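Here are my notes on this model, as numbered points. Please read them with the structure open.

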Amino acid sequence: MPKIIAVCNQKGGTGKTTTSINLAVYLAVEGYRVLLIDSDPQGNSTSGLGVDKNSIEKSLYHVLINHEEIKGVILETKIGNLSLVPSNIDLIGAEVELVEEQEREVRLKQALQKILGDFDHIIIDCPPSLGLLTLNSLVAATSVIIPVQCEYYALEGLGQLTKTINLIKENLNPVLEIEGVLLTMADFRTNLTTEVINETRNFFGDRVFETIVPRSIRLSEAPGFGKSIYEYDKNSIGAQKYGALAKEVLGTKDQGIAEPVDRDVPRTTTSLKQGPVEAEGIMEPGDPASPVSQ
Ligand SMILES: Nc1ncnc2c1ncn2[C@@H]1O[C@H](COP(=O)(O)OP(=O)(O)OP(=O)(O)O)[C@@H](O)[C@H]1O
Ligand SMILES: [Mg+2]
(Lines give C-alpha, C1' and ligand atoms only; values in the text may rest on other atoms or scores of the structure.)
(Ligands and ions follow the chains in the order given, each with its own letter.)
Protein backbone atom coordinates (compact mmCIF):
# COMPACT_ATOMS: atom_id res chain seq x y z
CA MET A 1 0.00 0.00 0.00
CA PRO A 2 1.62 3.27 -1.04
CA LYS A 3 1.57 6.41 1.01
CA ILE A 4 -0.86 8.74 -0.76
CA ILE A 5 -0.14 12.36 0.14
CA ALA A 6 -2.50 15.19 -0.82
CA VAL A 7 -0.73 18.55 -0.88
CA CYS A 8 -3.52 20.82 0.11
CA ASN A 9 -4.37 24.38 1.12
CA GLN A 10 -7.43 26.17 -0.24
CA LYS A 11 -5.48 29.43 -0.15
CA GLY A 12 -3.79 30.21 -3.46
CA GLY A 13 -0.07 30.43 -4.02
CA THR A 14 1.17 28.78 -0.82
CA GLY A 15 3.62 26.45 -2.54
CA LYS A 16 1.43 23.38 -3.15
CA THR A 17 2.65 22.77 -6.68
CA THR A 18 6.28 23.57 -5.93
CA THR A 19 6.11 21.15 -3.01
CA SER A 20 4.28 18.45 -4.98
CA ILE A 21 6.74 18.49 -7.87
CA ASN A 22 9.89 18.66 -5.82
CA LEU A 23 8.82 16.21 -3.13
CA ALA A 24 7.79 13.76 -5.86
CA VAL A 25 11.10 14.19 -7.65
CA TYR A 26 13.18 13.76 -4.51
CA LEU A 27 11.28 10.62 -3.50
CA ALA A 28 11.92 9.29 -7.01
CA VAL A 29 15.59 10.22 -6.75
CA GLU A 30 15.72 8.23 -3.51
CA GLY A 31 14.70 5.23 -5.60
CA TYR A 32 10.98 5.04 -4.81
CA ARG A 33 8.33 4.55 -7.50
CA VAL A 34 6.35 7.77 -7.43
CA LEU A 35 3.16 8.93 -9.10
CA LEU A 36 2.36 12.65 -9.15
CA ILE A 37 -1.31 13.42 -9.77
CA ASP A 38 -2.12 16.91 -10.98
CA SER A 39 -5.54 17.58 -9.50
CA ASP A 40 -5.61 21.27 -10.42
CA PRO A 41 -7.13 22.61 -13.66
CA GLN A 42 -4.28 25.15 -13.75
CA GLY A 43 -2.09 22.18 -14.71
CA ASN A 44 0.96 23.67 -13.03
CA SER A 45 2.40 20.34 -11.91
CA THR A 46 2.02 19.13 -15.48
CA SER A 47 3.80 22.06 -17.09
CA GLY A 48 6.26 22.30 -14.20
CA LEU A 49 7.51 18.85 -15.14
CA GLY A 50 8.00 19.90 -18.74
CA VAL A 51 4.80 18.37 -20.15
CA ASP A 52 2.86 20.58 -22.58
CA LYS A 53 -0.53 20.73 -20.90
CA ASN A 54 -2.24 21.91 -24.08
CA SER A 55 -1.24 18.87 -26.09
CA ILE A 56 -2.05 16.08 -23.63
CA GLU A 57 -4.65 13.68 -24.98
CA LYS A 58 -5.90 12.27 -21.71
CA SER A 59 -5.95 13.83 -18.29
CA LEU A 60 -7.37 13.31 -14.84
CA TYR A 61 -10.65 14.58 -16.27
CA HIS A 62 -11.05 11.36 -18.31
CA VAL A 63 -10.49 9.27 -15.19
CA LEU A 64 -12.94 11.18 -12.99
CA ILE A 65 -15.71 11.75 -15.52
CA ASN A 66 -15.40 9.04 -18.18
CA HIS A 67 -14.27 6.29 -15.75
CA GLU A 68 -11.24 5.64 -17.92
CA GLU A 69 -8.46 3.46 -16.51
CA ILE A 70 -5.89 5.64 -14.80
CA LYS A 71 -3.17 3.46 -16.35
CA GLY A 72 -4.16 4.79 -19.77
CA VAL A 73 -3.63 8.37 -18.62
CA ILE A 74 -0.31 8.01 -16.78
CA LEU A 75 2.71 9.52 -18.51
CA GLU A 76 6.32 8.63 -17.84
CA THR A 77 8.39 11.72 -17.04
CA LYS A 78 12.02 12.49 -17.80
CA ILE A 79 12.82 11.66 -14.17
CA GLY A 80 13.31 7.93 -13.70
CA ASN A 81 10.75 6.36 -11.31
CA LEU A 82 8.42 9.35 -11.60
CA SER A 83 5.10 9.07 -13.43
CA LEU A 84 2.47 11.75 -13.90
CA VAL A 85 -1.29 11.95 -14.23
CA PRO A 86 -1.49 15.24 -16.12
CA SER A 87 -4.23 17.85 -16.10
CA ASN A 88 -5.23 20.98 -17.86
CA ILE A 89 -8.11 23.40 -18.02
CA ASP A 90 -10.52 20.58 -19.01
CA LEU A 91 -10.51 19.57 -15.36
CA ILE A 92 -12.62 22.61 -14.50
CA GLY A 93 -15.48 20.70 -16.15
CA ALA A 94 -15.01 17.83 -13.72
CA GLU A 95 -15.68 20.09 -10.75
CA VAL A 96 -19.06 20.99 -12.27
CA GLU A 97 -19.98 17.65 -13.85
CA LEU A 98 -19.22 15.62 -10.72
CA VAL A 99 -21.91 17.46 -8.78
CA GLU A 100 -24.63 15.39 -10.48
CA GLU A 101 -22.82 12.06 -10.19
CA GLN A 102 -23.25 9.18 -7.77
CA GLU A 103 -20.35 8.50 -5.40
CA ARG A 104 -18.73 11.66 -6.70
CA GLU A 105 -16.30 11.98 -3.82
CA VAL A 106 -14.74 8.52 -4.23
CA ARG A 107 -13.92 8.64 -7.95
CA LEU A 108 -10.19 9.16 -7.51
CA LYS A 109 -9.95 6.63 -4.68
CA GLN A 110 -11.66 4.01 -6.86
CA ALA A 111 -9.46 4.83 -9.84
CA LEU A 112 -6.31 4.35 -7.77
CA GLN A 113 -7.27 0.88 -6.51
CA LYS A 114 -5.85 -0.93 -9.53
CA ILE A 115 -2.47 0.76 -9.46
CA LEU A 116 -1.73 0.77 -5.74
CA GLY A 117 0.83 -2.00 -6.21
CA ASP A 118 2.70 -0.05 -8.87
CA PHE A 119 3.87 2.81 -6.67
CA ASP A 120 5.50 3.46 -3.31
CA HIS A 121 4.32 7.07 -3.05
CA ILE A 122 1.48 8.94 -4.70
CA ILE A 123 1.50 12.73 -4.42
CA ILE A 124 -1.64 14.72 -5.28
CA ASP A 125 -1.32 18.41 -6.10
CA CYS A 126 -4.65 19.97 -5.07
CA PRO A 127 -6.26 23.12 -6.46
CA PRO A 128 -6.69 26.24 -4.29
CA SER A 129 -10.26 25.43 -3.25
CA LEU A 130 -12.19 23.01 -1.08
CA GLY A 131 -14.36 21.79 -3.97
CA LEU A 132 -14.91 18.30 -5.34
CA LEU A 133 -11.41 17.93 -6.76
CA THR A 134 -9.90 18.56 -3.34
CA LEU A 135 -12.55 16.36 -1.72
CA ASN A 136 -11.65 13.50 -4.09
CA SER A 137 -7.97 14.02 -3.27
CA LEU A 138 -8.54 13.97 0.49
CA VAL A 139 -10.77 10.89 0.28
CA ALA A 140 -8.12 9.06 -1.77
CA ALA A 141 -5.20 10.17 0.40
CA THR A 142 -3.63 8.57 3.45
CA SER A 143 -2.18 11.89 4.61
CA VAL A 144 -2.06 15.60 3.90
CA ILE A 145 0.80 18.05 3.61
CA ILE A 146 -0.31 21.64 4.17
CA PRO A 147 2.09 24.20 2.72
CA VAL A 148 1.83 27.53 4.55
CA GLN A 149 3.40 30.61 3.04
CA CYS A 150 5.30 32.81 5.49
CA GLU A 151 3.19 35.84 4.65
CA TYR A 152 0.39 37.98 6.03
CA TYR A 153 -2.80 36.01 6.68
CA ALA A 154 -0.81 32.76 6.47
CA LEU A 155 -2.98 31.00 9.03
CA GLU A 156 -6.25 32.35 7.71
CA GLY A 157 -8.37 29.46 6.49
CA LEU A 158 -6.30 26.79 8.23
CA GLY A 159 -9.01 26.29 10.86
CA GLN A 160 -11.50 25.57 8.11
CA LEU A 161 -9.04 23.25 6.38
CA THR A 162 -8.37 21.22 9.52
CA LYS A 163 -12.12 21.07 10.20
CA THR A 164 -12.65 19.75 6.67
CA ILE A 165 -9.87 17.18 7.12
CA ASN A 166 -11.45 16.03 10.39
CA LEU A 167 -14.90 15.75 8.81
CA ILE A 168 -13.50 13.67 5.96
CA LYS A 169 -11.64 11.50 8.46
CA GLU A 170 -14.80 10.92 10.50
CA ASN A 171 -17.13 10.27 7.59
CA LEU A 172 -15.29 9.19 4.48
CA ASN A 173 -11.65 8.30 5.08
CA PRO A 174 -10.72 7.12 8.59
CA VAL A 175 -7.03 6.65 7.77
CA LEU A 176 -6.49 10.29 6.79
CA GLU A 177 -3.79 12.02 8.86
CA ILE A 178 -1.95 15.31 8.70
CA GLU A 179 1.51 14.35 7.46
CA GLY A 180 2.79 17.79 8.29
CA VAL A 181 2.57 21.52 7.82
CA LEU A 182 5.33 22.90 5.62
CA LEU A 183 6.43 26.50 6.02
CA THR A 184 7.34 27.90 2.62
CA MET A 185 8.81 31.06 1.10
CA ALA A 186 10.42 31.99 4.40
CA ASP A 187 12.55 35.11 4.44
CA PHE A 188 14.48 34.88 7.68
CA ARG A 189 15.47 38.53 7.54
CA THR A 190 11.92 39.59 8.33
CA ASN A 191 10.04 39.58 11.62
CA LEU A 192 6.97 38.46 9.72
CA THR A 193 8.55 35.12 8.85
CA THR A 194 9.51 34.59 12.49
CA GLU A 195 5.97 35.45 13.59
CA VAL A 196 4.38 33.07 11.09
CA ILE A 197 6.76 30.26 12.10
CA ASN A 198 5.93 30.80 15.79
CA GLU A 199 2.18 31.05 15.22
CA THR A 200 2.14 27.97 13.01
CA ARG A 201 4.08 25.99 15.61
CA ASN A 202 1.70 27.20 18.33
CA PHE A 203 -1.26 26.06 16.27
CA PHE A 204 0.04 22.76 14.88
CA GLY A 205 2.75 21.81 17.41
CA ASP A 206 5.00 18.99 16.29
CA ARG A 207 3.00 18.48 13.13
CA VAL A 208 5.05 21.30 11.57
CA PHE A 209 7.95 19.92 9.52
CA GLU A 210 11.40 20.82 10.79
CA THR A 211 12.33 21.64 7.23
CA ILE A 212 11.43 25.20 6.29
CA VAL A 213 11.62 26.16 2.62
CA PRO A 214 13.13 29.62 2.15
CA ARG A 215 12.10 32.08 -0.50
CA SER A 216 14.37 31.17 -3.37
CA ILE A 217 14.74 32.64 -6.81
CA ARG A 218 15.89 29.30 -8.16
CA LEU A 219 12.73 27.56 -6.95
CA SER A 220 10.56 30.16 -8.65
CA GLU A 221 12.54 29.99 -11.90
CA ALA A 222 12.58 26.21 -12.30
CA PRO A 223 8.97 25.67 -13.45
CA GLY A 224 9.46 28.18 -16.26
CA PHE A 225 11.98 25.72 -17.68
CA GLY A 226 9.71 22.74 -17.07
CA LYS A 227 12.14 21.46 -14.49
CA SER A 228 12.16 20.43 -10.87
CA ILE A 229 14.73 22.13 -8.66
CA TYR A 230 16.73 18.90 -8.73
CA GLU A 231 17.15 19.24 -12.47
CA TYR A 232 17.42 23.01 -12.52
CA ASP A 233 19.94 23.61 -9.75
CA LYS A 234 20.47 20.70 -7.43
CA ASN A 235 23.00 22.59 -5.31
CA SER A 236 20.63 25.42 -4.50
CA ILE A 237 19.20 25.95 -1.03
CA GLY A 238 15.73 25.11 -2.35
CA ALA A 239 16.97 21.78 -3.66
CA GLN A 240 18.58 20.98 -0.32
CA LYS A 241 15.39 21.81 1.53
CA TYR A 242 13.14 19.70 -0.67
CA GLY A 243 15.66 16.88 -0.33
CA ALA A 244 15.40 17.30 3.44
CA LEU A 245 11.60 17.33 3.27
CA ALA A 246 11.66 14.03 1.39
CA LYS A 247 13.84 12.62 4.17
CA GLU A 248 11.36 13.82 6.79
CA VAL A 249 8.48 12.25 4.92
CA LEU A 250 10.43 9.01 4.65
CA GLY A 251 11.30 9.21 8.34
CA THR A 252 15.01 9.14 7.57
CA LYS A 253 15.90 12.72 8.34
CA ASP A 254 18.47 11.78 10.96
CA GLN A 255 20.50 10.05 8.29
CA GLY A 256 21.35 13.40 6.76
CA ILE A 257 20.54 14.74 3.37
CA ALA A 258 21.86 12.45 0.70
CA GLU A 259 23.66 14.05 -2.16
CA PRO A 260 21.19 13.37 -4.94
CA VAL A 261 22.47 10.71 -7.26
CA ASP A 262 22.45 11.05 -11.02
CA ARG A 263 21.33 7.59 -11.95
CA ASP A 264 17.79 8.43 -12.93
CA VAL A 265 18.28 11.89 -14.23
CA PRO A 266 18.08 12.72 -17.90
CA ARG A 267 21.09 14.00 -19.74
CA THR A 268 19.53 17.42 -20.14
CA THR A 269 20.39 18.21 -16.54
CA THR A 270 24.13 17.74 -16.91
CA SER A 271 24.59 20.95 -18.86
CA LEU A 272 23.05 22.87 -15.99
CA LYS A 273 25.84 21.80 -13.70
CA GLN A 274 28.25 23.95 -15.66
CA GLY A 275 25.82 26.83 -15.97
CA PRO A 276 26.17 30.08 -14.09
CA VAL A 277 25.08 29.95 -10.50
CA GLU A 278 23.30 32.85 -8.96
CA ALA A 279 23.46 33.97 -5.36
CA GLU A 280 20.01 34.05 -3.82
CA GLY A 281 20.53 36.21 -0.79
CA ILE A 282 18.60 33.79 1.38
CA MET A 283 19.70 33.59 4.97
CA GLU A 284 18.73 31.27 7.71
CA PRO A 285 19.19 31.64 11.45
CA GLY A 286 22.78 30.80 12.30
CA ASP A 287 24.03 31.23 8.76
CA PRO A 288 27.00 33.51 8.25
CA ALA A 289 26.03 37.03 7.28
CA SER A 290 26.94 36.44 3.68
CA PRO A 291 24.15 35.35 1.39
CA VAL A 292 23.82 31.66 0.86
CA SER A 293 24.74 31.16 -2.73
CA GLN A 294 23.24 28.92 -5.40
N1 LIG B 1 10.19 28.78 -1.87
C2 LIG B 1 9.85 29.57 -2.87
N3 LIG B 1 10.58 30.68 -3.15
C4 LIG B 1 10.21 31.53 -4.15
N5 LIG B 1 9.16 31.35 -4.92
C6 LIG B 1 8.39 30.27 -4.68
C7 LIG B 1 8.68 29.32 -3.66
N8 LIG B 1 7.73 28.37 -3.65
C9 LIG B 1 6.88 28.69 -4.64
N10 LIG B 1 7.27 29.83 -5.27
C11 LIG B 1 6.59 30.53 -6.36
O12 LIG B 1 5.39 31.08 -5.83
C13 LIG B 1 4.32 30.92 -6.73
C14 LIG B 1 3.25 30.05 -6.06
O15 LIG B 1 3.80 28.77 -5.81
P16 LIG B 1 3.00 27.45 -6.17
O17 LIG B 1 2.52 27.50 -7.59
O18 LIG B 1 3.85 26.31 -5.78
O19 LIG B 1 1.79 27.62 -5.19
P20 LIG B 1 0.39 26.87 -5.23
O21 LIG B 1 -0.07 26.79 -3.82
O22 LIG B 1 0.49 25.62 -6.00
O23 LIG B 1 -0.50 27.90 -6.06
P24 LIG B 1 -2.03 27.66 -6.51
O25 LIG B 1 -2.84 27.85 -5.28
O26 LIG B 1 -2.26 28.72 -7.56
O27 LIG B 1 -2.09 26.27 -7.06
C28 LIG B 1 4.92 30.29 -7.98
O29 LIG B 1 5.25 31.30 -8.88
C30 LIG B 1 6.16 29.59 -7.47
O31 LIG B 1 7.15 29.47 -8.46
MG1 LIG C 1 -0.70 24.92 -7.61
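1. The model itself is predicted.

2. Overall make-up. The protein chain holds twelve helices and eight strands. It has 294 residues, and 49% of them count as buried.

3. Contacts along the chain. Take the contacts in the protein chain with a separation of 6 or more. Residues 24 or more positions apart account for 76% of these.

4. Ligand 1. Which elements each supply at least two residues of the shell around ligand 1? They are helix 1 (16-29), strand 7 (177-186) and helix 9 (217-221). Helix 1 gives the most, with three residues.

5. Shell residues. There are 20 residues around ligand 1. Those that come nearest are Lys-16, Thr-17, Thr-18, Pro-128 and Ser-220. By class, the shell has twelve polar, five nonpolar and three charged residues.

6. The core. In soluble globular proteins, nonpolar side chains tend to be buried together. Here the largest nonpolar core has 77 residues. Ala-24 and Ile-124 have the most contacts inside this core. Its largest share, eight residues, comes from helix 1.

7. Ile-124 up close. Set aside its neighbours within four places in sequence. Ile-124 is then in contact with Ile-5, Ala-6, Val-7, Ile-37, Ser-39, Ser-137, Ala-140 and Ala-141.

Definitions and conventions
Residues are numbered from 1 along each chain as its sequence is written. Chains are lettered from A and ligands numbered from 1 in the order in which they are written. This is a predicted model: local features need pLDDT of at least 70, side-chain atom pairs count only at pLDDT 80 or more; totals for chains, interfaces and linings use all residues. A residue is near a molecule or strand if its C-beta atom, placed from the backbone, lies within 6 Å of it. Helices (H or I, at least four residues) and strands (E, at least two) are DSSP runs, numbered from the N terminus. Ala, Val, Leu, Ile, Met, Phe, Trp, Tyr, Cys and Pro count as nonpolar, Asp, Glu, Lys and Arg as charged, and the others, Gly among them, as polar. A residue is buried if 20 or more other C-beta atoms lie within 10 Å of its own, exposed if 12 or fewer, and partly exposed in between; C-beta atoms are placed from the backbone. Two residues are in contact if their C-beta atoms, placed from the backbone, lie within 7 Å. A nonpolar core is a set of buried Ala, Val, Leu, Ile, Met, Phe, Trp, Tyr and Cys residues joined through C-beta atoms within 7 Å.
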